[in-house]
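The paragraphs below take the pairs in turn and then move on to a helix.

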Amino acid sequence: MKKMILIFTLILTFAVNGCAAVPDEVKKDIKNYHDENNNIDPKNFKFTYINTSDLKDSSQNALEKNYKQFNISQNIEFTSFPEEINQMEFKYTDNFEENYIDILKMFFTQQELNSQEINLSTSKSGSKSYSFFNENNRVYGCVSDNGFVSMLKPDAFDISFSYNEPNIKIYHADRNEDLSDTYQLKNGSCSVKDAVDYINNWFEINYKKIAPDYDYRVKTVIVRKHENYYLFEIHTEIIYRGIPLDNLSMEAETDEENLLMHMIYTSNNITIQMLNVNQIDSFTNGTGILQPVKAEKIEECISLESALKFCETTFTDFRNITISDIGIKYTTSPDYDYINDQEPYAPGISVASRPVWEFIIDVNPSEFLREEEINTYGEVRKYIYIDILTGELHYNLDVVLQGMG
């Protein structure tokens, strides 16, 4: 049981990064990216607003313009935009553990479950989980009341949710990349495309039954060497009515008065390992399942061109930076009583959300690898978020390691 608790803890281990807001509060280290000789003050920048119904055409036009500090990847293309954008509020689901057998049967047969000793545990705050950790059978499963689901099958049991073998290649399934390459998995060969199709179909048929408010789409596939074959590490976006939930920001800050650290942003994605063709060998949905509880439709928002020009004004020391991806995301910020030791992901906890323009900058391994170090990390990125209503800036221009490695 102690090892199972350790695995659960590892899944919820987070990187602590910085947070920023302008125009009222400009992050101190922005001077590292802003040329003080530039006579344009980002605090006085005037954004251009457009009707949300004009987003597609306006954004496509923005991609065709030239920007001083940024190049824009040719792979970015806006074929569609969501019918509506909202100011959202979510909450963590509750009583999810009541149907734990049906949920675990998405991964294990009834016969496999019958051979496990499934235990009910309660945390000090009262949260409940049904779980088993069987070192003899080399299997693990967990379903918690806030919607947290996690499992390991035998071939992934020793790997667990962290793997430090070198990357072979990274595929972006959401960027129209060629996914036809084929790799030898443990029980047969499989193309990246076939793996993506299998996982997308599995979500549509199985997972949407337990979390029907969202669509799910494979975003990234990381190929790693394992023993004498390969495995696919698959990251899946959670999408609410055409807009993904933020899958990058996992950040905390310290309450200086009370000397307590608390979460201010949380990421939302689902991570899978596929070691065998058409099989999920490990699965974790991060912190649990969010339910949308409130939506206020947005009629006007900051245009993409205006957001890009704001970046130029703000990060004036950037040179020859390529923006690899652009989109709209919903951030997620839990609202909880951390002073009285409340868990940020406990059932029923409210989660505030803002729609933001997201700018992704892929990071070349040469920027973060030490001399002769082998790249075992997953996706490595930097990002800039601009609130599409207020222009508030949030960014991380240190490397952000995505993946299990």
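We begin with aspartate 155, which at 24% relative accessibility counts as partly exposed, a class that lies between buried (under 20% relative accessible area) and exposed (over 50%), computed with a 1.4 Å probe on protein chains only. This is a predicted model, in which local features need pLDDT of at least 70 and side-chain atom pairs count only at pLDDT 80 or more, while totals for chains, interfaces and linings use all residues. Residues are numbered from 1 along each chain as its sequence is written, and side-chain values use heavy atoms, with hydrogens and water left out.

The side chain of aspartate 155 meets that of lysine 186 in a salt bridge, at 2.7 Å from N to O, where the term stands for a side-chain nitrogen of Lys or Arg within 4 Å of a carboxyl oxygen of Asp or Glu. This pair links distant parts of the chain, 31 residues apart, since aspartate 155 belongs to helix α5 (residues 154-157) and lysine 186 to the loop between β9 (182-185) and β10 (188-191); helices (H or I, at least four residues) and strands (E, at least two) are DSSP runs, numbered from the N terminus. Lysine 186 is partly exposed as well, at 44% relative accessibility. Searching the whole structure gives 19 salt bridges.

Aspartate 197 is partly exposed at 35% relative accessibility, and lysine 193 is partly exposed with a relative accessible area of 44%.

Arginine 381 and aspartate 362 form a salt bridge at 3.7 Å, N to O. Here too distant parts of the chain are linked, 19 residues apart, with arginine 381 in strand β25 (residues 379-387) and aspartate 362 in strand β24 (residues 355-362). Arginine 381 is buried, with a relative accessible area of 2%, whereas aspartate 362 is partly exposed at 26%. Through salt bridges that share partners, Asp362 and Arg381 belong to one network, whose members include Asp174, Arg175, Arg217 and Glu358.

The last stop is helix α7 (residues 304-314), where nine of the eleven residues are buried, so the helix is largely enclosed by the rest of the structure. Among its buried residues are Leu304, Leu308, Phe310 and Glu312.
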